[in-house]
Amino acid sequence: MMPLRRFRIHQPGTIAEAAEMLAHFGESGRLYAGGTELLLAMKHDVLRFEHLVDVKTVPGLAGIEANGGWLRIGGVATHRSIEISPVVRQRLPLFAEMEAKVANGRVRATGTLAGNLCFAEPHSDPATLLLALEARVRVEGRSGPRTLTIQELIPGAYQTSLASDEILTAVEIPLPKNGQRASYLKFQVHERPTLGLALVMETQDRGQAIATARVAVGCVCPFPRRSRQAESLLVGDRPQVERNLSQAAEVLADEADLIDDLEGGADYKRHLISVFLKRAFACAFPGR
């Protein structure tokens, strides 16, 4: 490991000031919040920046609240603060459970959800679940605020659609309605997960019929993916949907652009998708 190159940390007081700093520093500057991925990459000399803009000093970016049918998580809220938040545990417990299993305790204590999304590391948990939950993000730069879906935010591995001066200020997740059944499962052997799979369904007739379904897979592909065709197979009477799970898993794998990497080959990941989609369905309907 090479020694960390010298850099300066700048602490703006507002989002507007942070955006101006990022624009001024250009390619020599980078936004900094938790820094768990960024500083590691800089230590290994994979990334080089002379200026880090620390947005932890900006008031109001760490808040977590439920309002108007949405759970709003501020841009510098850590994984740990989300995991233990009474609001998240009460209103969206599945998300708190997912956050409790992100990386390790050190990363959860310092790393932020927004930073995780902006680094767009393929082998991470939050983006996959957020995609299935149809979350959105608020971003702000010198041109003003805008809203993006998770799919719009992350177009590829280690890529986002953010402009160089834009800051992700909040993640907003729709609060579940009555009848929603959801689960998130991952498979992990090494440091990073091999597979993440999220399943979200809206049910009718006391859970006997599924009106809508969303399924997303991550870690096995360059960025999290949904499949509309697979989702169509997960709608209908519950017994019929159970019979369709294998076919839905095949469609999901076909559309996910599976990759061969150190976590395993594409055929192995296809098998994992089939196994874990069935498990996710069983988790959504415990004791059925």
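# Cavities, a pocket and selected residues

Modeller: The count comes to two cavities of 30 Å³ or more. The model is predicted: local features need pLDDT of at least 70, side-chain atom pairs count only at pLDDT 80 or more, and totals for chains, interfaces and linings use all residues. Residues are numbered from 1 along each chain as its sequence is written, and side-chain values use heavy atoms, with hydrogens and water left out.

Colleague: What makes a space a cavity, and what makes it a pocket?

Modeller: On a 1 Å grid over the protein atoms alone, a cavity is a set of points where a 1.4 Å probe fits but cannot get out, whereas a pocket is an open set with protein on both sides within 12 Å along at least five of seven lines. Lining residues have an atom within 4 Å of a point. Points are joined across faces, edges and corners, and the volume is the space filled by probe spheres set on them.

Colleague: What makes up the lining of the largest cavity?

Modeller: There are 14 lining residues, of which Ala120, Glu121, Ser124, Ala127 and Pro224 lie nearest the centre. Helices α7 and α8 each supply at least two of the lining residues. Helices (H or I, at least four residues) and strands (E, at least two) are DSSP runs, numbered from the N terminus. The lining divides into nine nonpolar, four polar and one charged residue; Ala, Val, Leu, Ile, Met, Phe, Trp, Tyr, Cys and Pro count as nonpolar, Asp, Glu, Lys and Arg as charged, and the others, Gly among them, as polar.

Colleague: Which residues line the second largest cavity?

Modeller: Leu131, Ile150, Gln151, Ile154, Phe223 and Pro224 do. They divide into five nonpolar, one polar and no charged.

Colleague: What makes Ala120 worth a remark with regard to phi?

Modeller: Ala120 has a positive phi of about 55° although it is not a glycine. Most residues other than glycine have a negative phi. Ala120 is found in the loop between α7 and α8.

Colleague: How do you know whether Ala120 is buried or exposed?

Modeller: Buried means under 20% relative accessible area, exposed over 50%, and partly exposed in between (1.4 Å probe, protein chains only). Ala120 has 7% and is therefore buried. Arg206, in the loop between β10 and β11, also has a positive phi of about 55°. Its relative accessible area is 84%, so Arg206 is exposed.

Colleague: Why is Asp125 called buried?

Modeller: Its relative accessibility is 4%, so Asp125 falls under the limit and counts as buried. Asp125 is found in the loop between α7 (113-119) and α8 (126-132). Leaving aside neighbours within four places in sequence, Asp125 is in contact (heavy atoms within 4.5 Å) with Met98, Lys101, Val102, Tyr184, Lys186 and Pro193.

Colleague: What makes the pair Asp125 and Lys186 a polar contact?

Modeller: A polar contact is a pair of N or O atoms within 3.5 Å; within protein, one must be able to donate a hydrogen and the other to accept it, and residues adjacent in sequence count only if both atoms are side-chain atoms. The side chains of Asp125 and Lys186 are joined at 3.0 Å, so the pair qualifies. Both residues are also among those that line the second largest pocket, which holds about 200 Å³ of space. Strand β9 gives the most to that lining, with five residues, and the lining divides into six nonpolar, one polar and four charged.

Colleague: Why is Arg226 called buried, and which side chains does its own side chain meet in polar contacts?

Modeller: Arg226 lies in strand β12 (residues 225-226), and with a relative accessible area of 16% Arg226 is therefore buried. Its side chain makes polar contacts with the side chains of Glu134 (3.3 Å) and Glu231 (2.8 Å).

Colleague: Why is Leu258 called buried?

Modeller: Leu258 has a relative accessible area of 17%, so Leu258 is buried. Its place is in the loop between α11 and α12. Not counting residues up to four places away in sequence, Leu258 touches Val220, Ala253, Ala266, Lys269, Arg270 and Ile273.
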